[in-house]
Amino acid sequence: MPLTFEPAPFPGSDGKSRYTSPNTDKRRITLRAVDGTNTISIVVPQRPAGGGGTTATLSSIDPEPEMDPGQLEMRPFTYQYYSQAQEDNIPVHDSTAAVQAFLDQNGPKTLTWNKAASVRTLLLNSDTTILATADDLTVGAMLRSGTNKDIFRNKNLTWNPAAIIDQNIRISGGSWNAKGFDQTWTATEGLPGVLNFRGVDGLILENMQLVRAKVQSVHLQNIKNGRVSNCHVKNQEGQIYTDGFHLNGAIDGMVIEDCSVEGTHDDKIAINGSSDPYSFSLNNLLNTPNAPNVYDAMKTYSGQKNITVRRIEAIGGRWFVRILPAASLIENVFISDLFGYTHDYWLTFDNFYISAGTSPQAQPGQTYAKNINFTDIHVDCLPDESDPDLNKKGTAFVACNTDVVNFLRVTRTDYTANWCSWRVMGYSHTTITYNDGVEQDTAAGSTFTAPIVQLDTLVSHPRLTAATIEIKNLTHTRVAATASGSCLIKMDQATIGTLDLAGTTAQNLEYLLKMNDGAITTLDLTGTSLSGGIKPVYLEANSSITTIRFVGYGGTLASLVAGPGAANVGSLATA
């Protein structure tokens with residue numbers, strides 16, 4: 001049963017409902033099935049009530065004059081025009097020792113960060129709060145040259161959820177510049193970014209600007225009960241692996257909301273499970289001498305569940321969302337209200353680099369993604385003139401063994417290239433739904449022939465099999481005249497139990513569905529509306545349909561099916 005996101009607000013003292021209770025430091029979020037059953041609850045940390053513990057301001061523990069606050073911003077933004085000399089221009093004074101001495105104290109502590117400073121990596125232990133003014137980008141820190149780590153990490157790193165030591169860490173406000181072009185990947189530290197936490201229960205990151213990571217701006221690994229909100233990533237184009245928010249290893253309870261990500265050359269949001277020798281994820285990134293141990297740890301302590309991503313804006317860059325289970329299970333993911341534009345796929349959901357011949361992860365019956373939901377996705381794909389290779393896509397694709405994946409209200413307008421919008425490639429699936437989508441090609445002279453939906457299999461990957469694929473109530477508008485060979489759905493090397501197209505409308509295409517080397521048990525055309533001369537189905541000789549269901553249809557089976565395989569349809573059901 002698909003689950004929906006249902007916040008459960010606390011009653012305030014004034015009788016109004018709100019999400020933050022004055023008497024608790026937790027917020028409970030309920031993920032409830034449509035029929036009210038199968039309730040899943042996760043606890044996400046809220047702001048501590050405050051009071052108690054040790055407090056200080058940065059200027060009191062480190063009275064040296066602040067650095068030039070203007071250096072916290074990335075100027076100019078686009079990497080092609082940013083020189084190494086500008087990166088090296090930082091003050092002599094290093095605030096690390098003074099700040100770390102305060103942070104090393106045991107017990108609750110709050111540091112008010114009230115100036116611009118230059119630091120090396122700072123380690124945070126339990127019950128630590130760092131506060132800066134949310135709207136003041138002149139306070140924060142720049143990472144010092146050659147640190148080759150992150151600005152903030154937790155003190156006790158662990159992949160093991162049962163071994164987590166660090167709890168209740170919060171960073172709020174400020175501008176944090178990781179000075180990425182002046183950091184280096186190292187054999188011992190791997191991937192330097194802005195924030196890097198591995199093994200924290202109760203993590204809040206909010207109201208901040210994250211600038212110029214070498215790779216991932218926010219790298220979250222083995223996190224329980226985390227929340228990232230109102231964080232704005234500004235990263236360089238051109239640097240591969242510069243993700244905005246990147247999840248690895250075990251995750252249980254994570255909300256990422258109300259954020260923007262600008263200019264990453266990789267994923268805005270990456271939900272990556274474990275890594276193993278068959279997976280592309282991390283193998284080429286960690287670059288550490290103990291890499292096999294890292295793989296083993298991620299495989300042993302993996303599995304990601306109860307993740308909500310909502311109200312995120314993409315500003316340029318490549319992909320928006322990447323989901324890569326590898327050898328672990330990712331389940332109960334709710335992604336909604338994505339908007340903005342990218343220069344490439346808005347969704348990459350795959351074990352693409354795992355092939356059937358080398359790994360059990362590709363075999364039928366092995367599920368690595370379960371109950372994954374996408375709702376209200378409105379992302380454009382715009383050309384990037386500096387990289388023509390990025391101008392041809394703008395689609396979502398799924399290539400991973402899945403059990404229940406739902407797409408609801410996904411829109412695409414003004415196609416920039418002859419490329420499909422939604423693609424399922426190989427692997428086995430129980431149910432995939434793609435409902436209430438809107439596809440609009442407003443290019444009057446368009447000669448695009450690529451399908452809107454492509455269901456197919458790549459060489460060396462397992463054949464696409466699915467119990468049910470729904471593409472219902474999809475609204476397709478095409479201004480251009482019908483192009484020869486065009487179709488709404490193309491199916492190649494695939495076996496599907498039920499393909500449900502009920503309520504779909506399309507215009508100015510040659511066919512609704514074209515099949516090559518395909519087999520469908522039941523094709524449901526009920527309520528479809530086709531205009532501009534569209535024919536319903538074209539079958540090659542190596543394809544077949546057991547039953548076409550078309551409730552209320554008054555014509556013959558022969559009028560629905562064309563092509564060399566037209567005789568390979570068993571029956572027509574109209575009731």
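Biologist: Is aspartate 524 buried or exposed?
Modeller: In this predicted model, aspartate 524 counts as buried, at 8% relative accessibility.

Biologist: What does arginine 549 form with aspartate 524?
Modeller: A salt bridge, with the closest N and O atoms 2.8 Å apart. The two residues belong to distant parts of the chain: arginine 549 is in strand β37 (residues 544-549) and aspartate 524 in strand β34 (residues 511-524), 25 residues apart.

Biologist: And what is the relative accessible area of arginine 549?
Modeller: 33%, so arginine 549 is partly exposed.

Biologist: How many salt bridges are there in the whole structure?
Modeller: A search finds 16. One of them joins the side chains of aspartate 456 and arginine 423, at 2.7 Å from N to O.

Biologist: Why do aspartate 456 and arginine 423 count as buried?
Modeller: The cut-off for buried is under 20% relative accessible area. Aspartate 456 has 5% relative accessibility, so it counts as buried. Arginine 423 has 17%, so it counts as buried too.

Biologist: Which salt bridge does glutamate 257 make?
Modeller: Its side chain meets that of arginine 310, at 2.8 Å from N to O. Arginine 310 lies in strand β19 (residues 304-315) and glutamate 257 in strand β17 (residues 245-262), so this pair ties together parts 53 residues apart in sequence. Both arginine 310 and glutamate 257 are buried.

Biologist: Which residues are linked in a network there?
Modeller: Salt bridges link Glu257, Asp258, Arg310 and Arg311 into a network.

Biologist: Changing topic: which residues touch the most other members of the largest nonpolar core?
Modeller: Trp113 and Phe197, in a core of 108 residues. Beyond neighbours within four places in sequence, the contacts of tryptophan 113 include Leu58, Val99, Phe152 and Trp176. There is also a second, separate core of 6 residues, among them Trp319, Tyr345, Met425 and Tyr427.

Biologist: What does the pLDDT average over the protein chain?
Modeller: It averages 80, and 75% of the residues score at least 70. Over residues 1-44 the pLDDT is below 50, although the model gives that stretch 102 contacts beyond near neighbours in sequence.

Biologist: Where else does pLDDT stay under 50?
Modeller: Over residues 75-88, for which the model has 31 contacts beyond four places in sequence.

Notes: Residues are numbered from 1 along each chain as its sequence is written. Side-chain values use heavy atoms; hydrogens and water are left out. pLDDT is the predictor's confidence in each residue, from 0 to 100. Contact means heavy atoms within 4.5 Å. A nonpolar core is a set of buried Ala, Val, Leu, Ile, Met, Phe, Trp, Tyr and Cys residues joined through side-chain atoms within 4.5 Å. Buried means under 20% relative accessible area, exposed over 50%, partly exposed in between (1.4 Å probe, protein chains only). A salt bridge is a side-chain nitrogen of Lys or Arg within 4 Å of a carboxyl oxygen of Asp or Glu. Helices (H or I, at least four residues) and strands (E, at least two) are DSSP runs, numbered from the N terminus.
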